[in-house]
Amino acid sequence: MSERPKILIVDDEPDVLLTLRLILESEGFDPLLAADGETALRRVDDEHPDLVVLDIMMPVLDGWFVLAELGGRPTHPRVVVCSAKSGDTDRARAAELGADEYVTKPFEPDDLVDVIRAVLARHGAPV
Amino acid sequence: MDQLPVEISQRIRHEARVAGLHDHAPSIEMVERRRLQLWSIMIVVMISVGLAALTISGATGNVSWVTGQPLVLAGGVGVLAVAFCIYAVEKEVHLHRLSRLLVDERLLSNTMALQLQMNTALFNAGKALNSVMDLDDVLDAILANALELLGGVGGSVMLLEDQTILRVVAVRGEGIARDARVRLGESIVGRVAQSREPLLVSQEFAAADVGGALDANLELGGAMCVPLVNRGQLLGVLTVLAAKGAGFTDDDLSVLSLFAEPVAAATAKAGLYEAERANVAKLLESDRMKSQFVASVSHELRTPITSIRGAVAASRRTDLAAQREELLDVVDRQSGRLQAMVEEMLVAARMQENANRLTMQQIDLCALIRLTALDSNVAGRPVDVELPASCSVRAEPEALRRVLTNLIENAHKYGADPVRVAVQVSDDQVVLSVIDSGPGVAPEERERIFERFYRSDPNGTKPGMGLGLSIVRGLVESCGGSVWVEDAPGGGAAFRVALRTNFVLEPRREAAHV
């Protein structure tokens, strides 16, 4: 793991991307951004982030597809799903597809940072 | 009516006693035997009297009848004979009355048995009517009862559809095909339905000569058709067929007419029930859509709140002081989005109450489109416009602007770029079109997408509350126009809004006057 962990933020809302980028930078992470599932998968391949903060409802390829795609790979970054979907079935589905944590929107940014730190500390490095 | 059988049996007992029959329940056969006895005795007595008279006259020779003893003897025999004759005649009178009473009683009990049978059949028909709610089952049960009572070989219930076609919905026995159709006024059933008069065919006939819903190979002994009418409205025709060699009478037709009443009632009731069931299904669907709406709304609210809270948290950090302006813009933008959503919900809620209170005026649609397109381009939803210089329509400007904005947003959300707005002007109306280059709208969804809370992708990735197009339809109709969606000539969906061009017509008020 590098000095500054790489965090890929995937969300189709530009303002969510902006605020999370600023906060994660300020917390000492190296944030990368993607506005849809396709870009997210490409950036995972190209830049090997340590963790992905993944929205579910997105155009082109949605979060479920990205999660399933990552789960099918021999090595992949840790995933924190971050969605406005708050149902138990959605949480269960995310866990089944290999997500490490599930955060429901809206959230306190500090809480998300704590979750990201905990996941990285628990696992140290990408699988 | 109930007194009649009692009176008859009392008189029967009385006559029987007087006539010398001591049985409690005398029969016609017993009366006949008694009469035979009486007449036999009468004949024996007459012969005896005759012989006695001959014997007396032979023994006395020419002795004067006036003075001789034999005269007394002969007189005695004569009186006896006369007395017996009177006795016999009286008995005969009573026996005759008794036999007539017995015949009456037999007829009466036969009629009552038939009446009972008919009542039972009608009762069963009524029971079927009340116990089964499925119309097919009710009609089948009633038809079965009618056939059993009337001894029909087959029958059918045909119901009126679209005011011109009779369709077989219940059938028993051979010779009539379910779902067969007959036009009103054609063949026997069609004519009965049209005239609303029951019809009896009392002679044998071949189905081929009659046509209609009957199997052409059928040879029949008769037929009866009765119209089904409920509250003055024609519902269909009840038909019963007799086998070759059998037949129907006028009484049978009266009985069948009695059956027509429960059939008509059942049909009318089932119609109401069907309508009620459809209504309940609609309410359930509306309830389901409202639940989905709450889910959609809560999701739609979460997204801007996430951005706002993120921006506020970030702007509190001293190391991000330089980005504060940018973060305030986020708060501004996202709170504006929340406000727009609240307004949209209010518009949808208010629309139902205030549909008639729009202030209609003559406005230039083209100018309004140009302004809205400009706003849309600024908001990142580019629109191409193809417009005449100007065109006047009658509408409420704010309503029309919202219609246009919602249609353009919808085209960007569910269709694809490029999005075009065009206007076609004809004599009395202007058609505004918003055309996208997306996949179009499936025919089965073309009406539903205008329903409140309906979402074409309930679990999909498109944001929204399912209100946009319902607001469009509500506002357009409030302006006296209409909106629909169709395939655009070059692919994609074309949402069309037809609006009136002049001041003269106001469809809602006009409808109220009619």
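How many helices and strands are there in chain A? And which residues of helix 2 of chain A are buried?

Reply: First, the ground rules. This is a predicted model, where local features need pLDDT of at least 70, side-chain atom pairs count only at pLDDT 80 or more, and totals for chains, interfaces and linings use all residues. Residues are numbered from 1 along each chain as its sequence is written, while chains are lettered from A and ligands numbered from 1 in the order in which they are written.

Chain A has 5 helices and 5 strands. Helices (H or I, at least four residues) and strands (E, at least two) are DSSP runs, numbered from the N terminus. Along the sequence, the pattern of chain A is β-α-β-α-β-α-β-α-β-α. Chain A has 127 residues, and 45% of them count as buried. A residue is buried if 20 or more other C-beta atoms lie within 10 Å of its own, exposed if 12 or fewer, and partly exposed in between, with C-beta atoms placed from the backbone.

Now helix 2 of chain A, residues 37–47. Its buried residues are A:Gly37, A:Ala40 and A:Val44. They sit on the same side of helix 2 of chain A because they cover an arc of only 55 degrees around the axis. That arc is taken from the directions from the helix axis to the C-beta atoms. The buried residues of helix 2 pack against strand 1 (6–10), strand 2 (30–34), strand 3 (51–54) and helix 3 (63–71) of chain A. Contact here is between residues whose C-beta atoms, placed from the backbone, lie within 7 Å.

Turn to the other side of helix 2 of chain A. There, A:Arg42, A:Asp45, A:Asp46 and A:Glu47 are exposed. Just after helix 2 comes A:His48, with a positive phi of about 40 degrees.

Next, the wider setting. Take contacts in chain A between residues at least 6 apart in sequence: 62% of these join residues at least 24 apart.

Chain A also touches chain B, and 20 residues from chain A and 20 residues from chain B take part in the contact. On the chain A side, helix 1 (14–26) and helix 5 (109–123) are the elements that give two or more residues. Helix 1 of chain A supplies the largest share, 8 residues. By type, the chain A side divides into 12 nonpolar, 2 polar and 6 charged residues. Here Ala, Val, Leu, Ile, Met, Phe, Trp, Tyr, Cys and Pro count as nonpolar, Asp, Glu, Lys and Arg as charged, and the others, Gly among them, as polar.

Note on methods
Two residues are in contact if their C-beta atoms, placed from the backbone, lie within 7 Å.
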